[in-house]
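Trainee: I have a new model open on the screen. Could we go through it together, a few questions at a time?

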Amino acid sequence: MNCTEVKPGQCFTWGGELYQCIDIMLNKTAMAKMKVKIKVKQPKSGVVKELSLIGGDQVYETHIDKRPMQYLYDGGGTAVFMDTETYDQIEIPTDRLEWETKFLVPNLDVNITIYEGEVLGVILPDKVDLELVECEAAVKGNTATAALKNAVAETGLQVKVPLFIEQGEKITVSTIDGKYAGRA
């Protein structure tokens, strides 16, 4: 397909590399070919960069499979997931899942992205329920504004919570920015 037809969120290959479009900007001036700037992310490495193409350049549309799986446990350097339909298990090195491991609790349903048999990564749900294992004590009289205190979740995630939240409670956390979203 022509590079001008790429849409945000769409995956394509160009120059033998796999990319996912984040944003596209078309610039057409008189007497010159259209310039196409595509802000892309490489799903394999997570690198974000900008490609500069010319209006006639061809890219190849690709399809990335999303498979529903369930997180089972931390296998000591790997995260173990089970396919919910076939019960096959796969292991993904935890160094490729630095952000995601802060939200992975046993039996959590996620989507695994796969391209040509290679596992690219994990798509988390928007919000996850986590139990607090450590929580600072609330300071009386510190309520002039929306006061927050530090807490640590069962996965090691450090999060700011309101003063009324106690240790041992379950809270809902956004997986996009890692912030407190409410009680579970």
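Mentor: Gladly! This is a predicted model, so local features need pLDDT of at least 70 and side-chain atom pairs count only at pLDDT 80 or more, while totals for chains, interfaces and linings use all residues. Residues are numbered from 1 along each chain as its sequence is written, and side-chain values use heavy atoms, with hydrogens and water left out.

Trainee: What volume does the largest pocket have?

Mentor: On a 1 Å grid over the protein atoms alone, a pocket is an open set of points where a 1.4 Å probe fits, with protein on both sides within 12 Å along at least five of seven lines. Points are joined across faces, edges and corners, and a volume is the space filled by probe spheres set on them. For the largest pocket this comes to about 620 Å³.

Trainee: Which strand gives the most to the lining of the largest pocket?

Mentor: Lining residues have an atom within 4 Å of a point, and here there are 25, with Gln20, Lys41, Pro43, Thr113 and Gly121 nearest the centre. Strands are DSSP runs of E, at least two residues long, numbered from the N terminus. Both β2 (17-27) and β10 (118-123) supply at least two lining residues. The top contributor, with four residues, is β10.

Trainee: In what order do the five strands of the open sheet lie?

Mentor: Two strands pair if DSSP finds at least two bridges between them. In this sheet the pairing is antiparallel, and the order is β13-β12-β11-β14-β15. The edge strands, each pairing on one side only, are β13 (158-162) and β15 (180-183).

Trainee: Which residue of β14 is the bridge partner of Asp129?

Mentor: Strand β11 (residues 127-135) runs antiparallel to β14 (residues 170-174), and five bridges join them. In β14, the partner of Asp129 is Thr172.

Trainee: And in β15, which residue is the bridge partner of Val173?

Mentor: Strands β14 and β15 run antiparallel and are joined by three bridges. Their hairpin has five residues between the strands, and Gly178 there takes a positive phi near 75 degrees. The partner of Val173 in β15 is Tyr180.
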